[in-house]
Amino acid sequence: MLTATSLVSSNSNPAHNNSSSISPFSSDSKPSHIVSVNRRNLIASLSITLAPFFTLAEFKKHTHYAEARGLFQMPPVRLTNRYYFVRAGESQYESLGIINTNPVAKTSVDNGLSEKGKKQTVRAALELKSMGACESNCWIWPSITQRAYQAAEIIAAVNGVTRSQIVPEYSFLDARGLGAYEGKKLDSVSEVYASDSLSSNIKPPPIDDGTPNESVQDVFVRVTQLMSILETQYSEDTVIIVSPDSDNLSVLQAGMVGLELRRHRDLAFGPGEVRFVDASSIPPYKQPASAVYKCLNPPNCT
């Protein structure tokens, strides 16, 4: 083991030295018992120390995993975990036929599950149980939005999951902000989806009450960031994502299966709906042309 040593030996006291003054940092004054250590020697010694713990094959395996667990791509190269997507049951606002997406009110009691929504969520929890989602271990990731967190608590209770395995998500799973549609009739959301089908970059009209006006691409960025966190934080675990609305999940699933984002509505979730993310539905990863094509005679490449 390497130990720190003094640059000057205990006998070299300048006050008792009658010879000419020599800097303690010069090569001439270097004590004979100090061994020079460079970075190469240090790495070599560490390699010898770690050798009994990792074979070359295991080292390559772990290196491969580290590379794969970088920035999450859509469609993903691979999935480290098993995922279930759950939309929370009907909210009280939805039961009144009113659009409510302002994040300021997301933790309000009025934004919780309706009586019908509670029943829908219980059915979702029982479906997860019949699917064996939490037989070994699972993590529940709900939006902090009141209805989604209530749904997570019901899912946990039915599946025997402790509160310590409920991880509230504070922003990436917010309901899609619908801007000027806030407070309007619920059926007017069809106008938003008509715009989505034209372009994933079209935003709903803005409003000045703090409600975001998000395009499909805006939602896509949020849910991709969420998956980056989950794929790096957990390994070979089961994660249940609980969203307060459909758009988070339909956009996420569209990205994962390679569906054009303008068509995310084709994958819409009903209140209380559960889906298992089947890895076989994810298309094989294709390397970009830049990773495959090699220029042998730059700048003249044919």
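**A walk around helix H8**

Hello everyone, let's start with a pair of helices: the axes of H7 and H8 come within 9 Å of each other and cross at roughly 75 degrees. That makes H7 roughly perpendicular to H8, a label used for angles of 65 to 115 degrees, while under 35 is roughly parallel, over 145 roughly antiparallel and the rest oblique. On the H7 side, the contact is made by Val216, Val219, Phe220, Arg222, Val223 and Met227, and on the H8 side by Asp247, Asn248, Val251, Leu252, Gly255 and Met256. Contact here means heavy atoms within 4.5 Å. Sorted by class, this contact has eight nonpolar, two polar and two charged residues. Nonpolar covers Ala, Val, Leu, Ile, Met, Phe, Trp, Tyr, Cys and Pro; charged covers Asp, Glu, Lys and Arg; the others, Gly among them, count as polar.

Before we go on, a word on the model. It is a predicted one, where local features need pLDDT of at least 70 and side-chain atom pairs count only at pLDDT 80 or more, while totals for chains, interfaces and linings use all residues. Residues are numbered from 1 along each chain as its sequence is written, and side-chain values use heavy atoms, with hydrogens and water left out. Helices (H or I, at least four residues) and strands (E, at least two) are DSSP runs, numbered from the N terminus. Axes are lines fitted to C-alpha atoms, for helices over the stretch in contact, and angles run from 0 to 180 degrees between N-to-C directions.

Now, how many of the residues of H8 are buried? Ten of its eleven are, where buried means under 20% relative accessible area, exposed means over 50%, and partly exposed lies in between, using a 1.4 Å probe and protein chains only. The cover over those buried residues includes strand E1, helices H6 and H7, and strands E3 and E4.

Let's zoom in on leucine 252, which is found in H8 (residues 247–257). Leucine 252 is buried, at a relative accessible area of 1%. Not counting residues up to four places away in sequence, leucine 252 touches Met74, Phe85, Val223, Met227 and Ile241. Take valine 223: it is 29 residues from leucine 252 in sequence, yet the C-alpha atoms are 6.1 Å apart.

Is arginine 87 buried or exposed? It is buried, with a relative accessible area of 12%. Its side chain reaches the backbone oxygen of phenylalanine 269 at 2.6 Å. Leaving aside neighbours within four places in sequence, its contacts include Glu94, Asp245, Leu249 and Glu273.

Two backbone details deserve a stop. Most residues other than glycine have a negative phi, and most peptide bonds are trans. The bond from methionine 74 to proline 75, however, is cis, with omega near -15 degrees, and proline 75 sits in the loop between H2 and E1. Glutamate 236, not a glycine, has a positive phi of about 55 degrees. Glutamate 236 is in the loop between H7 and E3 and is exposed, with a relative accessible area of 67%.

Last stop: H4 (residues 115–130) and H5 (residues 146–158) pack at about 40 degrees, with axes 9 Å apart. That makes H4 oblique to H5. Residues in this contact include Val122 and Leu126 of H4, and Ile154 and Ile155 of H5.

Key:
A polar contact is a pair of N or O atoms within 3.5 Å; within protein, one must be able to donate a hydrogen and the other to accept it, and residues adjacent in sequence count only if both atoms are side-chain atoms.
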